[in-house]
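Student: I would like to go through this model with you, one question at a time. Please show it first.

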Amino acid sequence: MESFILPVAADILHMIVSHRHELAKSQERVVHYTSASCLFSMFKNGRIRLYDSDNSNDPSEGAYFDQHSQWLSDYSWLKAATPMPVYIASFVISDPSESDRPCRDDLVYWRTYGDSGRGCSIEFLASSRGLQKVLYGQYEVEATAESLRGFLSQVDPLIEPSSPIGSRLADLIAEALNSIRHLYKSEDYEYEHECRLVVLKQQQPLANIHIDFDRAHGGSSVRHYCYDDRLKLKGMLDATESTITIGPAAPSQEALERTIRVALEKLGFYSAAAVKFSRISFRRN
């Protein structure tokens, strides 16, 4: 019975909560903004990092979903689904209507995520990388929560503390909720057009978790991160559709371009990833 119930429940959960976050065909190109130093760190490690969600710039990170789906507390066994930090890698969904310039070459993104315009962006195809789009606003939370309501009412009689099936089913639902909590945000962040790869911490071996100390911008911070093979640069940058764009305020842009090309050659990406400059007019210090 357990071998039947758990896979069916997992499939139903996926259908309810995951399909709403799937990227459409027109949204398959995504962009990751970063600093120049982090870009070369990616070259060195061969992957994009996923950062601890506790370091998000959104104070309501992971909590917005719960604020607008409070009826979930009716199920006492969902206490195991208490919000927990996760690892997140964030990307901007491309806009195909902007084909006349580097993808999402927008000053808002450069200032917020691209080291105040001094950094770089990586554009690539998102297919098969597990990225899910973020949904914005109370309506989106309520729509997903309402879909969950019927499912939870059906499985509720099966979940008993003394039942092995019930315990595993409760854990399955808790994991699903802890993942999708980080895929909903206030309308205030709708301009971000964000998609994410979300990884649960409890699914990460300690060997895959690393500590980072950052002294950027006159301050310092300590945070931890992990890697996921779905964000390997191999397969990401050796595709002809990939692009690295140098920020509008980056110092010595031409020298940075040459260094990036050398790094790409060392990685074996000889003729794939294009290196471009932002077309935004921005005063460099």
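Student: Which residues touch the most other members of the largest nonpolar core?

Tutor: This is a predicted model, in which local features need pLDDT of at least 70, side-chain atom pairs count only at pLDDT 80 or more, and totals for chains, interfaces and linings use all residues. Residues are numbered from 1 along each chain as its sequence is written, and side-chain values use heavy atoms, with hydrogens and water left out. A nonpolar core is a set of buried Ala, Val, Leu, Ile, Met, Phe, Trp, Tyr and Cys residues joined through side-chain atoms within 4.5 Å. Among the 34 residues of the largest core, the ones touching the most other members are Trp77, Leu148, Leu152 and Ile173.

Student: Which elements give two or more residues to this core?

Tutor: Helices (H or I, at least four residues) and strands (E, at least two) are DSSP runs, numbered from the N terminus. The elements are α1 (2-18), α3 (64-67), β3 (86-93), β6 (135-136), α5 (138-155), α6 (164-180) and β8 (194-200).

Student: What does Leu152 touch?

Tutor: Contact means heavy atoms within 4.5 Å. Residues up to four places away in sequence are not counted. That leaves Trp71, Leu72, Tyr75, Trp77, Leu78 and Ile173.

Student: How many residues of β3 are buried?

Tutor: Buried means under 20% relative accessible area, exposed over 50%, and partly exposed in between (1.4 Å probe, protein chains only). Strand β3 has eight residues and is mostly covered. The buried count is seven.

Student: Which residue in β3 stands opposite Val31?

Tutor: Strand β1 (residues 29-34) is antiparallel to β3, with two bridges joining them. Opposite Val31 stands Val92.

Student: And in β3, what is the bridge partner of Asp52?

Tutor: Strand β2 (residues 47-52) pairs with β3 over two bridges, in the antiparallel sense. The bridge partner of Asp52 is Tyr87.

Student: Is Arg181 buried or exposed?

Tutor: Arg181 lies in the loop between α6 and β7 (184-185). Its side chain makes a polar contact with the side chain of Asn178 at 3.0 Å; such a contact is a pair of N or O atoms within 3.5 Å, where within protein one must be able to donate a hydrogen and the other to accept it, and residues adjacent in sequence count only if both atoms are side-chain atoms. The relative accessible area of Arg181 is 6%, so this residue counts as buried.

Student: How many aromatic pairs are there?

Tutor: Rings of Phe, Tyr and Trp (its six-membered ring) pair if their centres lie within 6.5 Å; planes under 30 degrees apart count as stacked, over 60 as edge-to-face and the rest as tilted. By this rule the count is seven.

Student: What angle lies between the planes of Tyr33 and Trp110?

Tutor: Tyr33 sits in strand β1 and Trp110 in helix α4 (residues 107-113), 77 residues apart. Both are buried. The pair is edge-to-face, 4.8 Å centre to centre, and the angle is 90°.

Student: How many disulfides does the structure hold?

Tutor: A disulfide is a pair of cysteine sulfur atoms within 2.5 Å. Cys120 is buried at 0% relative accessibility, and Cys195 is buried with a relative accessible area of 0%. The number of disulfides is zero.

Key:
Pairing = 2+ DSSP bridges.
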